[in-house]
Amino acid sequence: MEIWTIANLKGGVGKTTTTVALGGLLAAWGFRTLLIDVDAHASLSAYFGYDPDELEFSSYDLFLATAERRNIDIRQLIFSTDNPRLDLIPATTALAGLDRQSGRLDGLGLVLKRALPPLAAKYDHILIDCPPVLGILLINALAVCDKLIIPVQTEFLAMKGLERMLRTMNMVLRVRQKPLSYTIVPTYFDPRTRASIESLAQLRRDHPDHLWHGYVPVDTRLRDASRAGVPPSFYDPRSRAVAAYTDLLETLRRDSPIAPPVPAPPPRVQPAVSMAAT
């Protein structure tokens, strides 16, 4: 089982879209995939039609059980989606109060690290969608993951969010017992705008060792897939964004210890968009 965290300390950069797109592709390729929503906004949960105010169970229950010194079976928190091999642990707005409680409660920083290992026989990949806030939820996701994926919108303010995210990651690395591989993913790239072009060039200059070679373009099919409540690769496998996310997933899995299922992943539907095109 491999755990990937999708995070940035700026909202609106494509974290949830990236989580759904990668998760949908993994499931389509035959991998048993679990998505975990730990954002109190619950955008990932809403994507699949779950109302955070009406859920009987959610990721919040993991933290609540730890706070109350009781055990919980994480499997009871798992909800199905309409997509084969793709499951979800949704979020509720109650997560917003965790940081206020964490100061007087021990052990909340490693809740996910303790809870997820029993799922190793059930899933090949777990993807965690995080809030854009430095707090106990993001620390949990960084402490447990094998890879960190940082979506960065190609505009100036998102560059500042990336700097804060990298500082946070380095802080967590000081207490982790193993290194953390991370990949920066440019999103919402629009070649018609100077902001996108200049931001992409800055990412290439400042982060050459950790920057994915492509980018996710602006694509209305992502919005259409969200409205339909299905992963982009299920909604329109021939879209430009799906081609880009396919290339990204192939890059992320290049050194993965999880063997591909049989049959092997399908070929890309069209050439991936590359920064070389700019």
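## Aspartate 73 and arginine 75

At 33% relative accessibility, aspartate 73 counts as partly exposed, the class between buried (under 20% relative accessible area) and exposed (over 50%), computed with a 1.4 Å probe on protein chains only. The side chains of arginine 75 and aspartate 73 form a salt bridge of 3.0 Å, N to O. A salt bridge here is a side-chain nitrogen of Lys or Arg within 4 Å of a carboxyl oxygen of Asp or Glu.

This is a predicted model: local features need pLDDT of at least 70, side-chain atom pairs count only at pLDDT 80 or more, and totals for chains, interfaces and linings use all residues. Residues are numbered from 1 along each chain as its sequence is written, and side-chain values use heavy atoms, with hydrogens and water left out.

## Other salt bridges

The salt-bridge count comes to 10. One of them joins glutamate 155 and lysine 10 at 3.8 Å, N to O. This pair links distant parts of the chain, 145 residues apart. Glutamate 155 sits in the loop between β6 and α7 (156-173), and lysine 10 in the loop between β1 and α1 (15-28). Glutamate 155 is buried, at 18% relative accessibility.

Helix α9 (residues 220-228) holds both aspartate 224 and arginine 227. They lie 3 residues apart, about one turn of the helix. Their salt bridge has its closest N and O atoms 3.2 Å apart. Aspartate 224 is buried at 15%, whereas arginine 227 is exposed at 62%. Salt bridges with shared partners join Arg221, Asp224, Arg227 and Asp236 into one network.

## The sheet

Seven-strand order runs β3-β4-β2-β5-β1-β6-β7 in an open sheet with mixed pairing. Strands and helices are DSSP runs, numbered from the N terminus: E of at least two residues for strands, H or I of at least four for helices. Two strands pair if DSSP finds at least two bridges between them. β3 (79-80) and β7 (181-187) stand at the edges with a single partner strand each, so one side of each has no neighbour in the sheet.

Strand β6 (residues 147-153) pairs with β7 in the parallel sense over 7 bridges. Isoleucine 150 has isoleucine 184 of β7 as its bridge partner. In β7, 6 of the 7 residues are buried, so the strand is largely enclosed by the rest of the structure.

Helix α6 (residues 136-144) lies across β1 (2-6), β5 (125-129) and β6. Helix α6 runs at about 145° to β1. Axes are lines fitted to C-alpha atoms, for helices over the stretch in contact, and angles run from 0 to 180 degrees between N-to-C directions.

## Aspartate 37

Aspartate 37 is found in strand β2 (residues 33-37). Aspartate 37 is buried but has no salt bridge. The nearest side chain of opposite charge, lysine 15, is 9.9 Å away. Lys and Arg count as positive, Asp and Glu as negative; His and the chain ends are not counted.

Leaving aside residues up to four places away in sequence, aspartate 37 touches residues including Ser59, Ile89, Leu95 and Asp129. Contact means heavy atoms within 4.5 Å.
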